[in-house]
Amino acid sequence: MIQFNDVHAVSFDQNLDDFEAIDKAIAQERLWMKQRLDFAEKFKETYDSKNMLSSTDCLNRLIEYANDNHPDLVVLAGDIIDYYSDINHDFLKKSIERLKSQYLFSCGNHESPPELFRDICQGNHDFNYIDFREFLVVSINNSTRKIKPSQLESLQKLLSLRKPLILVMHIPIMTEYNLVEFTKLDSYYSMKYNDCDKITHNFINLVSSSNEVRAILCGHTHGSIASFIAPNKPQYCCSSGLIGFVNKIIVR
């Protein structure tokens, strides 16, 4: 599998007369061109100057990389575009249609409102999965740092199949086991076990305690963070696609 996220792609049509939309796109592009370097410095991550491309070129390069590597699955863990607009949505859709492998898309907080991304999410923006027979890869939209009752119920049904499961979400989980890693970040960057509603708390307990959930793949932090939400329960946050980062996951 190949995972990438947090590209924050911004597309616009210079031929349109909507100057307000063009100004917004240019402003957001400039913002992320600076912030990607700030995050890289914060996490002490190296990057190749050849990857310092525009956000749309970054997404194009990531799609090409995935196609060149022929993974069994491409995991897009949210914030692939920076905000909803017709142009951004169309660019995202056309980009994903170029993938030669099957994919699983999990909405990030910048894919908002998530209902507008049903087509990208293959019909279900809250809960989706791919069955590899030996194991499942499950996407859950937690872009509001909350879990819905329907999402919890859907996960419980899948867990009853007793198949190993890899969970994909945009926002990572913070528990008592990875406090050190996540208390370094603002509360915005995680879904906390001790600061959430009852459904979300039950979800975190279920994921933490289930033998079937083998790993969690996330984005959102704009820096690589590997931690454990429970003993032998790893969570991998992939760094920003804006500096060319991908996670390559081999399932054994």
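## The enclosed cavity

Phe105, Ser106, Cys107, Cys121, Asn124, His125, Asp126, Phe127, Asn128, Ser139, Ile140 and Asn141 line the largest cavity. Two elements, β4 (127–131) and β5 (136–140), each give two or more residues to that lining. By class, the lining splits into 5 nonpolar, 6 polar and 1 charged (Ala, Val, Leu, Ile, Met, Phe, Trp, Tyr, Cys and Pro count as nonpolar, Asp, Glu, Lys and Arg as charged, and the others, Gly among them, as polar). The volume of this cavity is about 40 Å³, and the structure holds 1 cavity of 30 Å³ or more.

A few ground rules. This is a predicted model, where local features need pLDDT of at least 70 and side-chain atom pairs count only at pLDDT 80 or more, while totals for chains, interfaces and linings use all residues. Residues are numbered from 1 along each chain as its sequence is written, and side-chain values use heavy atoms, with hydrogens and water left out. On a 1 Å grid over the protein atoms alone, a cavity is a set of points where a 1.4 Å probe fits but cannot get out, whereas a pocket is an open set with protein on both sides within 12 Å along at least five of seven lines; a lining residue has an atom within 4 Å of a point. Grid points are joined across faces, edges and corners, and a volume is the space filled by probe spheres set on the points.

## The largest pocket

Now for the open spaces. The largest pocket has a volume of about 320 Å³. It is lined by 14 residues, and the closest to its centre are Ile166, Ala215, Ile249, Ile250 and Val251. The elements giving two or more residues to this lining are β6 (165–168), β9 (213–218) and β11 (233–237). Of these, β9 gives the most, with 3 residues. The lining of the largest pocket comes out as 11 nonpolar, 1 polar and 2 charged.

Helix α1 has 24 residues and reaches 34 Å from its first C-alpha to its last, close to the 34 Å expected at 1.5 Å a residue (the expected span is 1.5 Å times one less than the number of residues). Ile22, Ala25, Glu29, Trp32, Met33, Arg36, Phe39 and Ala40 of α1 are buried, where buried means under 20% relative accessible area, exposed over 50%, and partly exposed in between (1.4 Å probe, protein chains only). What covers these buried residues includes α2 (55–69). Just after α1, Lys44 takes a positive phi of about 55°.

A cis peptide bond joins Ser112 and Pro113, with omega about 0°. Pro113 sits in the loop between β3 (103–105) and β4.

Two other loop residues have a positive phi. Arg145, in the loop between β5 and α4 (149–159), has a phi near 65° without being a glycine. Is Arg145 buried or partly exposed? Partly exposed, with a relative accessible area of 33%. His222 lies in the loop between β9 and β10 (225–230), and its positive phi is about 60° although it is not a glycine. His222 is buried, with a relative accessible area of 4%.

## Ala230 in strand β10

Ala230 is found in strand β10 and is buried, at 6% relative accessible area. Leaving out residues up to four places away in sequence, Ala230 touches Tyr177 and Ser208 (contact means heavy atoms within 4.5 Å). The C-alpha atoms of Ala230 and Ile216 are 11 Å apart, and the two residues are 14 apart along the chain.

## The whole fold

Stepping back, the protein has 6 helices and 12 strands (helices, H or I with at least four residues, and strands, E with at least two, are DSSP runs numbered from the N terminus). Its C-alpha trace spans about 55 × 35 × 35 Å along the principal axes. A compact globule of 252 residues would have a radius of gyration near 18 Å, and the protein agrees, at 18 Å; the radius is taken over C-alpha atoms, and the globule rule is 2.2 Å times the number of residues to the power 0.38.

Of the 252 residues, 53% count as buried. Among contacts between residues at least 6 apart in sequence, 71% join residues at least 24 apart.
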